[in-house]
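Work through the exercises below with the sequence and the 3D structure open. Each task is followed by a solution in steps.

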Amino acid sequence: MPQTTGSVPLACGLLEVSSGACTSWTDIGGSSSVLGPPSQTRMSGEAYTFDGDIAIIQGGKKEPLELVFSIVYTETAGEAFEYARALFDAVGCEAHMCVRWSPDGGDVGDFRFSTNLGILTSFTYPPMDAGAGGPIMAGFTLKVAEIVITTITS
Amino acid sequence: MIYRVLKALDTGHKPGDVVPGDLFYSDQIRQILMNKKAIAPVSAPPMEELPGWSLRAERFGRVNIDTIKFLEMDDQSLAEAIGSKPRVVAKWREELKGWLGIDGQVKPCNGCR
């Protein structure tokens, strides 16, 4: 098979978040830096028998996955830090946030990866370091049950 | 024109669904999605080519309804166009969909955006 020409750059995607019914989306790409590679596993188990040399394996349901975000610390409403902080701090046990991202930029025809409503399981507050340069970075982790892939049509 | 969905769309339509062309905002968007092999136009033979459809083709042909237009229209409108009954048209529709390998209905965008 010839070498692919369809690779996609890491640095030019579209990242959006939403809460509640997850119908109205906020682009936080201007204040977000990294979405770590989300990896989902499927339950499985095995058993051995006295006869036979190999395991008997069966699979089960998909397990939840965690999306880890590294964001730029700002104090601006609507940007990633303040958006996620407000949801993390919300009182109660309800799910917090949906996320969707399009690695190729979010144009018509590009793939979009969307989560269901998930729980913010951790939130990283801004550090300080007198010996360092660069912007302060913060972060959050979102635990979700599934990621759905669709093609953007508008 | 109607289209078969090849890749899951953000409208909620899944591969195998058949959708109307006006689901998409513009010809340009339709073309991009076809280029990306996310949708493909449903191609259908003339009605008279389908076994047992020559007389029906004649009736629909008099009111300029071809195979694709038949699939796009609802049973009531089709029945009124040729002076038949909706339940008869519904049976013809199932037969036609069988010939074309279309499982479900042509699925519009009902609150999908």
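The exercises that follow concern a predicted model.

**Exercise 1. A salt bridge in chain B, and the network in chain A**

Task: Decide whether B:Asp27 and B:Arg30 are buried or exposed, then say which residues are joined into one network by salt bridges that share partners.

Solution. 
- Step 1. B:Asp27 forms a salt bridge with B:Arg30, and the closest N and O atoms are 2.0 Å apart.
- Step 2. Both B:Asp27 and B:Arg30 lie in helix H1 (residues 27-35) of chain B, three residues apart, about one turn of the helix.
- Step 3. B:Asp27 has a relative accessible area of 56%, so B:Asp27 is exposed. B:Arg30 has 15% relative accessibility and so counts as buried.
- Step 4. Through shared partners, salt bridges join A:Glu82, A:Arg85 and A:Asp89 into one network.
- Step 5. For the total, a search of the whole structure finds ten salt bridges over all chains.

**Exercise 2. The nonpolar cores**

Task: Which elements give two or more residues to the largest nonpolar core, and which gives the most?

Solution. 
- Step 1. The largest nonpolar core has 22 residues, and those touching the most other members are A:Phe69, A:Ile71, A:Met97, A:Val99, A:Phe140 and A:Leu142.
- Step 2. The elements of chain A that give two or more residues are strand E1 (14-18), strand E6 (65-72), H1, strand E7 (98-102), strand E9 (119-124) and strand E10 (137-144).
- Step 3. H1(A) gives the most to this core, with five residues.
- Step 4. Apart from the core in chain A elements, a second, separate core of 20 residues includes B:Trp53, B:Ala57, B:Leu71 and B:Ala79.
- Step 5. Take A:Val99 as a worked case. Leaving out residues up to four places away in sequence, A:Val99 touches residues including A:Leu15, A:Val17, A:Trp25, A:Phe69, A:Phe113 and A:Leu142.

**Exercise 3. The interface of chain A and chain B**

Task: Describe the area, the residues and the polar links between chain A and chain B.

Solution. 
- Step 1. About 930 Å² is buried between chain A and chain B, 58% of it on carbon and sulfur atoms.
- Step 2. In this interface, eleven residues of chain A are in contact with 13 residues of chain B. A:Val108, A:Thr151 and A:Thr153 supply 55% of the area that chain A buries against chain B, more than any other three residues.
- Step 3. Two salt bridges are found across the interface. B:Lys36 forms a salt bridge with A:Asp110, with the closest N and O atoms 3.4 Å apart.
- Step 4. Five residue pairs are in polar contact between chain A and chain B.
- Step 5. On the side of chain A that touches chain B, strand E8 (111-115) and strand E11 (147-151) each supply at least two residues. E11(A) has the largest share, three residues.
- Step 6. By type, the residues of this side of chain A divide into four nonpolar, five polar and two charged.

**Exercise 4. The surroundings of A:Thr150**

Task: Locate A:Thr150 and list what it touches.

Solution. 
- Step 1. A:Thr150 is found in strand E11 of chain A.
- Step 2. A:Thr150 counts as buried because its relative accessibility is 13%.
- Step 3. Not counting residues up to four places away in sequence, A:Thr150 touches A:Asp110, A:Phe111 and A:Arg112, together with B:Ala8, B:Leu9 and B:Asp10.
- Step 4. The C-alpha atoms of A:Thr150 and A:Ser114 are separated by 8.0 Å, the two residues being 36 residues apart along the chain.

Terms used:
Residues are numbered from 1 along each chain as its sequence is written. Chains are lettered from A and ligands numbered from 1 in the order in which they are written. This is a predicted model: local features need pLDDT of at least 70, side-chain atom pairs count only at pLDDT 80 or more; totals for chains, interfaces and linings use all residues. Side-chain values use heavy atoms; hydrogens and water are left out. A salt bridge is a side-chain nitrogen of Lys or Arg within 4 Å of a carboxyl oxygen of Asp or Glu. Helices (H or I, at least four residues) and strands (E, at least two) are DSSP runs, numbered from the N terminus. Buried means under 20% relative accessible area, exposed over 50%, partly exposed in between (1.4 Å probe, protein chains only). A nonpolar core is a set of buried Ala, Val, Leu, Ile, Met, Phe, Trp, Tyr and Cys residues joined through side-chain atoms within 4.5 Å. Contact means heavy atoms within 4.5 Å. Buried area is the accessible area (1.4 Å probe) that two parts lose on being put together, summed over both. A polar contact is a pair of N or O atoms within 3.5 Å; within protein, one must be able to donate a hydrogen and the other to accept it, and residues adjacent in sequence count only if both atoms are side-chain atoms. Ala, Val, Leu, Ile, Met, Phe, Trp, Tyr, Cys and Pro count as nonpolar, Asp, Glu, Lys and Arg as charged, and the others, Gly among them, as polar.
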